[in-house]
Every structure is written in C-alpha cells, then in structure tokens.
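Here are my notes for anyone opening this one up for the first time. Have a look at the picture, then read through the points in order.

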2 protein chains.
Amino acid sequence: MSEKGILAVVSGFSGAGKGTLMKALLKKYEERYALSISATTRQPREGEVHGREYFFLTQEEFQQMIREDALIEHACYVKNYYGTPKQYVFDQMAAGKDVILEIEIQGALKVKEKFPDTLLLFVTPPSAKELEARLVGRGTETEDVIRDRLARAAEEAEYMDQYDYILVNDVLDDCVEQMHQLIQDQHQRVSENGAFISAMKQELKELVSSV
Amino acid sequence: MSEKGILAVVSGFSGAGKGTLMKALLKKYEERYALSISATTRQPREGEVHGREYFFLTQEEFQQMIREDALIEHACYVKNYYGTPKQYVFDQMAAGKDVILEIEIQGALKVKEKFPDTLLLFVTPPSAKELEARLVGRGTETEDVIRDRLARAAEEAEYMDQYDYILVNDVLDDCVEQMHQLIQDQHQRVSENGAFISAMKQELKELVSSV
C-alpha cells in the first residue's frame, strides 16, 4: 500500500503517559517512525540539547520561519513561541517514515485543519481517578500543581471529541501496540492510496478494451 | 473501550476473494463477528438454505419490510429485490458483535449515508492483471463472462474513492489479519466512545471542584 509516511498527532492529558508511550513506540519500531522536533524561543533547560528536545531559536529566527511559512503550526505560551518546522516532517514522510508530532490540542486541531489526512490520537488514562492517582503518585508535585493539572485536563477533555481515536493508556505495552496498529492501518486509507486506485482504474479500462 | 459492535461493509471486485476472506475471518474470530444475512425475493438455488445464505421472501413479504422501514438498504436487480434486515444487524451490534455486511457498492454507499459511522472496506487484488488471472484461472467462466466481470470491475473501480479503506487481498492470512485490525481499531474511534468521553469530562469536573 502507500509508501508515503503518515502524519500522526498525539495529544493527551498531562499524566496520561504520553512521553513514556512515545519512547516505547520509537524503541520498538525505530525504523518505522520519526518523531518531529519542535522549534521554540524559550531557553533550554538543563540537559536539553538543540536538535534533540527542541530547536532553540531566537525570536528573530522564529519570526522568520513564520514569515517564510516554514512551520506547520505555531503558538505562543507564556511569551515563548513553539512551532513545528515543516521541512523535517515532510522530508521524513517523503522517505516513507510515519511522523509523530506530540503537541497540545490547539496545535493539533490547526494541523488537522491544514492537513485533513492527519491522524489525531488522544491519550488518556482509563479514568479521571486514575489520572489523579498518577499525578499524586509522582510525588513531585504540590497540591496546587495537581489542582492546575486537573483543571487543565478538564478543559482539554472538552476537545476529545475532535480527535479521531482515543488511546487508553492502561497497560503500556498494549497501548504501544494499539498506537502502532492505528497508525499503520492508515496506510490502507483510500486517501493514502490515490496512486494505487488510479492505476487500478487505468489498467482495468485497458484490459476491458483489449479483451 | 466501546462495547457496542461496529458495522462494517465489505465490497469489492468479483474475483477479489471476498467470500474466502469472510469465511476465513469468521472462522478465526468466530466469537467477535456476525455476518449479516440478506433478504431476497429471488428463488433459492440448489443447496441454499433459508436463514443461512439468504432469507428467501415473497414479493409481498419484502414490500412489507420496505413499508415498515425494516431494511437498512435494499435494491432491485434483474427483477429481484435484495436487502439487509435491520433487526438482526442491530441486535448483534447491541450484543457487542461486530457485524459485517457483504454488499455491492450502491448498497454500501446508501448504508454509509444513513449510518456515517459505518466502516467501508473495499477488497481488491494487488492489480488488474491479477484480477483477470484469477477470473481466467477459475476455469469455469466463458470469455464473455470474464469480459463482463472486467467491465463491471472497471465501473466499480470508479467508486473506490468513496470507501474508507482498501484491503489488498494478496496473501489470504495477511488480508484476514488486516481486516480484523481495521475493524477492531474502530472501537477506539472517538465517535464510538461517547459514553467514555462524557464520563471523563464529568469526573474531571467533579475532581477539580473537590480538590
């Protein structure tokens, strides 16, 4: 089926385990996927490497990318810009890799609007109670932070309906497999197989006129 | 995820191996699927059993089902009516079985129009040449019949774009697995998980107001 890569956007509640899920998926199917790296104007934190966690850009460089339409989507949070550089994503897709963007909801919906074939996946724990338990369980967050995260999750939940698929992250390995299957199945979408369908139509016409 | 069954419609070229594919799928995952049985006014052929191949109805009985809106779709070919009784399909879906309808293209598109969550699968051989080879290889068809089948396939190919997924039937076992995966994936569709999403929204609101 289609040899061009799929674009998949993954969002989900903070505490749903997106990060762990991505790492496990990329480890298990390294040759299949490419993880998109975002650009940002925020300062690197300790241990963060340019070109690995983010492309760290100046305001000027970022503005230039916006002007040149070189970003799939971008947004501003707490005075810093974040965005997804087009070039890398399109190069990887052209090379047949399925590209995963881990971005928040507003960005995800913008990508879908621009590129309707994008697969939108929403990662969630099996229940709200479980989300709370995971946030509390980390032991690193204050009560205030937990309350903020839950409040944000409640807001984000309002957008779940606009995604394509729900990924319940209960048992990690199962969730990795489900995510892999969901993305791989997209290669069979009619919209991904225009060339195959055109060839089939053409060949059938030729056969009919030749017999 | 969703416990209600999925409705999947399978169409495809004559000679694509739909029948064999269905049998293999139902044999392998017997507990998961129910195959919808069509109603028809045509005469039973030798060996066909009422309630197995078809529900064989009189014109009057069929007309009554139409009047009572008891059919998901129906059509008339060569003076005989064919249709899909609602009751069986809905009962099986309510019981959590994924229901498969094997019907031709016009019927498939009508079902999708009425029930947009229906999954439309189009079964095709890997190429037109292969389709011809399979039709010839049966050894049971005259040249005229083969020409008619190819002409019909050429017409049907025009509707492939309106399906959701293409299933290339090359190696049967692989195709069975792909079909199974595609249908099972649908249980994770946002549209199939309204109850889960509503519960998540509600629980998160309660948690936020309680902490």
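1. Start with A:D161 and B:K201: they make a salt bridge, and the closest N and O atoms sit 2.8 Å apart. Between chain A and chain B, the salt bridges come to four. Keep in mind that this is a predicted model.

2. Polar contacts between chain A and chain B involve 15 residue pairs, both partners at pLDDT 80 or more. On chain A, at least two residues each of the side touching chain B come from helix 5 (128–137), helix 6 (143–157), strand 9 (165–168), helix 7 (172–185) and helix 8 (194–210). Helix 8 of chain A gives the most, with nine residues.

3. What kinds of residue make up that side of chain A? They split into 26 nonpolar, seven polar and eleven charged.

4. As for the overall contact, chain A puts in 44 residues and chain B puts in 44 residues. Together the two chains bury about 4000 Å², with 67% of it on carbon and sulfur atoms.

5. Now the sheet in chain A: it is open, has five strands in the order 2-7-1-8-9, and the pairing is parallel. Strand 2 (33–35) and strand 9 are at the edges, each pairing on one side only. From one strand to the next, the twist averages 30 degrees.

6. Strand 9 of chain A, then, is a sheet edge that also supplies residues to the side touching chain B. Strand 9 pairs with strand 8 (residues 119–124) of chain A over four parallel bridges, and A:I166 in strand 9 stands opposite A:F122.

7. Helix 4 (residues 105–114) of chain A packs on this sheet, touching strand 1 (7–12), strand 7 (98–102) and strand 8. The direction of helix 4 makes about 155 degrees with that of strand 1 of chain A.

Key: Residues are numbered from 1 along each chain as its sequence is written. Chains are lettered from A and ligands numbered from 1 in the order in which they are written. This is a predicted model: local features need pLDDT of at least 70, side-chain atom pairs count only at pLDDT 80 or more; totals for chains, interfaces and linings use all residues. Side-chain values use heavy atoms; hydrogens and water are left out. Contact means heavy atoms within 4.5 Å. Buried area is the accessible area (1.4 Å probe) that two parts lose on being put together, summed over both. A salt bridge is a side-chain nitrogen of Lys or Arg within 4 Å of a carboxyl oxygen of Asp or Glu. A polar contact is a pair of N or O atoms within 3.5 Å; within protein, one must be able to donate a hydrogen and the other to accept it, and residues adjacent in sequence count only if both atoms are side-chain atoms. Ala, Val, Leu, Ile, Met, Phe, Trp, Tyr, Cys and Pro count as nonpolar, Asp, Glu, Lys and Arg as charged, and the others, Gly among them, as polar. Two strands pair if DSSP finds at least two bridges between them. Axes are lines fitted to C-alpha atoms, for helices over the stretch in contact, and angles run from 0 to 180 degrees between N-to-C directions.
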